[in-house]
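We will go stop by stop.

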Amino acid sequence: MDQQIEELPEYIHINQNDFSYRKHKKQKEEDIAICECKYNANDPDSACGERCLNVLTSTECTPNYCPCGVYCKNQRFQKCAYAETKLFKTQGRGWGLLADKDIKAGQFIIEYCGEVISWKEAKRRSQAYETQGLKDAFIISLNGSESIDATKKGSLARFINHSCQPNCETRKWNVLGEIRVGIFAKEDILKGTELGYDYNFEWYGGAKVRCLCGAVSCSGFLGAKSRGFQPLKLMFRILFDAAVDKNASVESLLDRQEVGGGEVGVEL
Ligand SMILES: C[S@@+](CC[C@H](N)C(=O)[O-])C[C@H]1O[C@@H](n2cnc3c(N)ncnc32)[C@H](O)[C@@H]1O
Ligand SMILES: [Zn+2]
Ligand SMILES: [Zn+2]
Ligand SMILES: [Zn+2]
């Protein structure tokens, strides 16, 4: 077996979200959105391309209800219509994912799959993972009350690292009545380029991790603005230090919050 594959961390590979915690919603017939597209063989974009009403509202067409039938192009999550990607070992950031073929701006790259759990359970798990010493965090927010945890079960999207100058972004789509998270290209991406999206607002690791993305505009830390970052306690510590040492720079105040390998548990 390939040396690199042998070293891969253990996780269960899935390409559909896992609904062990609650049932998958059943789409009611009256909730099915039907677009007005008409398939025209001379215009491939006619079959649920950019002008499709469902595409414009980030909703996938429901099979057997779309007027374009088998020609419908708006079922990418359902058909796992992913871009070609490859795992590789980065320097200092663990595993990463790169484009294995040129990717066009706006292209759907892959779905971020994992276990769908409540936000409360996500908070409990992220603390438990930290206690167990798991260094990499894989929980991202799904909607106002739920998260996706790709720690034990996930798709290759779990290996996409954070970048402060990202070539990808997350987008939420309604697929058969459930919200799903996709990674999309923000720009044209050449084969061999590492994929990255901004973890801010979506991701939480519970610990402060120094960012090694290498971007000129690097903000210094991962997910610093995300909901799970729990910044209050950190803010209190910084304000306390600033009050004690009035000459300290912001950078030095931030550095003081670090423990050991550049990480700090921020439990409230
Ligand atoms: C969703 S995982 C990404 C895959 C991870 N590199 C791996 O090997 O499994 C997120 C974790 O990757 C690491 N990571 C991601 N982006 C990083 C960055 N820009 N700088 C430093 N570490 C990063 C952090 O340990 C973070 O908790
Ligand atoms: Zn359509
Ligand atoms: Zn369609
Ligand atoms: Zn950065």
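Which residue of β7 does I139 stand opposite? Select both strands to find out: I139 stands opposite D149 in β7.

Before moving on, a word on what you are looking at. This is a predicted model, in which local features need pLDDT of at least 70, side-chain atom pairs count only at pLDDT 80 or more, and totals for chains, interfaces and linings use all residues. Residues are numbered from 1 along each chain as its sequence is written, while chains are lettered from A and ligands numbered from 1 in the order in which they are written.

**Stop one: around β7.** Helices (H or I, at least four residues) and strands (E, at least two) are DSSP runs, numbered from the N terminus. Select 139-141, which is strand β6; 3 bridges join β6 to β7, and the two run antiparallel. A hairpin of 4 residues leads from β6 to β7. Two strands count as paired if DSSP finds at least two bridges between them. Click V116, and look for its bridge partner I148 in β7.

**Stop two: helix α3.** Select 119-132. The expected span of a helix is 1.5 Å times one less than its number of residues. For the 14 residues of α3 that gives 20 Å, and the end C-alpha atoms are 20 Å apart, which agrees. Colour A122, R125, S126 and Y129, the buried residues of α3. They lie on the same side of α3 because they cover an arc of only 100 degrees around the axis, the arc being that of the directions from the helix axis to the C-beta atoms. The face turned away from this buried side carries the exposed residues K120, R124, A128 and T131. Here buried means 20 or more other C-beta atoms within 10 Å of a residue's own, exposed means 12 or fewer, and C-beta atoms are placed from the backbone.

**Stop three: an open sheet.** Show β4, β11 and β10, 3 strands in that order with antiparallel pairing. β4 (108-111) and β10 (168-175) each have a single partner strand, so one side of each is left without a neighbour in the sheet. Between β4 and β11 (residues 178-185) there are 3 bridges, and I110 has I183 as its bridge partner in β11.

**Last stop: ligand 1.** Select ligand 1 and the 18 residues that surround it; the closest are G94, W95, N161, H162 and L212.

Key
Near = placed C-beta within 6 Å.
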